[in-house]
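Hello,

Here is the structure I promised to pass on. Please open it first, then read my notes below.

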Amino acid sequence: MTGTETEAIAERVLAHPFFVGIDPTLVHAMTSKAEERTYDVGEMLVREGKSAEEFFLVIEGKIALEVGAADRPGITVETIGRGEILGWSWLVSPHRWRFDARALKPTTVVAINASVARYALAAHPAFGYQFLMKLLPVIAERLENTRVQLLDIHGR
Amino acid sequence: MVADVLTPSGHPPGATGAASAAAHPYAPRPFVVHARTQETPDTVTLRLIPRATGDQLVFRGGQFNMFYVFGVGEAAISISGDPSEPDELVHTVRAVGKVTNAMAALAPGAVVGIRGPYGRGWPLDSARGRDLIIIAGGLGLPPLRPTLYEIFRHRDAFGRVEIIYGARTPKDLVFYDEVQNWRGRTDLRIQTTVDAAGRDWYGDVGVVTTRIPDARFDPQNATAFVCGPEIMMRLTAQALAQRGVPPEAIWLSMERNMKCALGFCGHCQYGPSFVCRDGPVFSYRTLAPLLSVKEV
């Protein structure tokens, strides 16, 4: 990847809502191996159980998070769209995806290399804290939403 | 006086009792089931016409009737039809108990009893000139549909219109074809979401509150009408308030077990108010202290 391409991706990352307010120094440290990708409808971004070697910033499109089982087709438990972040398995040992992710619409993402990101967070603890303070509300919100889904409020 | 405490300013006046000149307030008027539509596996829409000439019901969106299945019982059911077409009374019923199961089993030609309309509906007049956010969860869409028809009919009177509709699964979405038609309109936006779905669903999955950040409206100049399960309304109102919508501009439709529907019996008491008489539509400013109290 050329320096210009790396710089262009860093700009896309800086403009993404998740990274607003995060120090550009960290962004540049995290995005040295980042790349922009597109997925057609039905294409898989990640598969449950596989090594989580990256995470994604959704630039455009819609992604279904699915939980599957051998005896039934995948059930979509959440959809993620433009401006959102997909994946924190890369940050949590043993760094394996806990779900499938499939494009529901033509989708563009920036894929950020997990090893580079983990190294950047460890090398810059203050920035790492800043990053986690952005990620934690996302995790908390999804946990709260999952609790409401578990209540099955429409089923009563 | 209870009503003074709980009736928020800006609420439309009147229409707290039966519109009909029935001789006795508990006497139902006979209506005939004209048509029946199976909306979902457990939900039907019944179209009724009055058996007596001149017995049409004039109502406002958000009001309800006491719907009597003779020999079985009576239940409060919101009106889901078009207020501009009073010749036909429309109710959408989910079969969850003895009475509503009997309603859902009614066939064309059956005669039922109707008392109403009752309650205070959605304060649409107070929303004129403002953006509108309509949020329905599950069977919360039928009580909002009459008001949506009014909004469509007077579309120029309002700013942006955002509709968010959530259900348990795709097969639980009521008025599916009609909602699809609304999607074709260029003067409003609809977001539909479900709690879980199979691979044949290409829409959103997640609770309705996850759709609020994507809704386009000016929070300070917006009015929200929210109807659905109580937990959903509480979380939705919190999310709207967090986005900056004033509590007095957020309206929720409450549901409680009703018997007389006239504000006498107290079955539907909710804190210091009677839902049948002072509601079912209340402002979030009024409800907020009660919504966090368990088992009220």
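Domain bounds here come from an automatic or database domain assignment. For chain B, that assignment gives domain 1 (12-118) and domain 2 (124-291). Please keep in mind that this is a predicted model.

**The two domains of chain B**

How far apart are the centres of domain 1 and domain 2 of chain B? Taken over C-alpha atoms, they are separated by 22 Å. The contact takes 24 residues from domain 1 of chain B and 23 residues from domain 2 of chain B. On the domain 1 side, five strands of chain B give two or more residues each: S1 (29-40), S3 (64-69), S4 (73-78), S5 (89-94) and S6 (111-118). By class, that side of domain 1 has nine nonpolar, eleven polar and four charged residues.

**The six-stranded sheet**

Several of those strands turn up again here. Six strands of chain B form an open sheet. Their order is S4-S3-S6-S1-S2-S5, and the pairing is antiparallel. S4 and S5 of chain B are the edge strands, each pairing on one side only. On average, neighbouring strands of this sheet are turned by 40 degrees against each other, direction ignored.

Look at the S5 end. Strand S2 (residues 43-50) of chain B pairs with S5(B) over six bridges, in the antiparallel sense. Arg47(B) has Val90(B) of S5(B) as its bridge partner. Leu46(B) stands opposite His91(B), also in S5(B). Why is S5(B) largely enclosed by the rest of the structure? Because five of its six residues are buried.

**The seven-stranded sheet**

A second open sheet in chain B has seven strands, in the order S10-S9-S8-S7-S11-S12-S15. Its pairing is mixed. The edge strands are S10 and S15 (281-283) of chain B, and each pairs on one side only. Strand S12 (residues 250-253) of chain B runs antiparallel to S15(B), and three bridges join them. There, Trp251(B) stands opposite Ser283(B) of S15(B).

Now turn to the helix. H5(B) lies across S7 (131-137), S11 (222-227) and S12 of chain B. H5(B) runs at about 175 degrees to S12(B).

**The nonpolar core**

In soluble globular proteins, nonpolar side chains tend to be buried together. The largest nonpolar core here has 109 residues. Which of them touch the most other members? They are Ile63(A), Ile134(B), Ala224(B), Val226(B), Ile250(B) and Leu252(B). This core draws at least three residues from each of domain 1 and domain 2 of chain B.

Leaving aside its neighbours within four places in sequence, Leu252(B) is in contact with Val226(B), Met233(B), Ala237(B), Phe282(B), Tyr284(B) and Leu287(B).

**Where the chains meet**

Finally, the contact between chains. 21 residues of chain B are in contact with 18 residues of chain A. On the chain B side, strand S10 (204-205) and helix H5 (230-243) are the elements that give two or more residues. Which of chain B's elements gives the most? H5(B) does, with three residues. The chain B side has eleven nonpolar, five polar and five charged residues.

Best wishes

Note on methods:
Residues numbered from 1 in each chain as written. Chains lettered and ligands numbered in written order. Predicted model: local features only at pLDDT ≥ 70, side-chain atom pairs only at ≥ 80, totals over all residues. Contact = placed C-beta atoms within 7 Å. Helix = DSSP H or I, 4+ residues; strand = E, 2+ residues; numbered from the N terminus. Nonpolar A, V, L, I, M, F, W, Y, C, P; charged D, E, K, R; others polar. Core = buried A, V, L, I, M, F, W, Y, C linked by C-beta atoms within 7 Å. Buried ≥ 20, exposed ≤ 12 C-beta atoms within 10 Å, placed from the backbone. Pairing = 2+ DSSP bridges. Axes fitted to C-alpha atoms, helices over the stretch in contact; angles between N-to-C directions.
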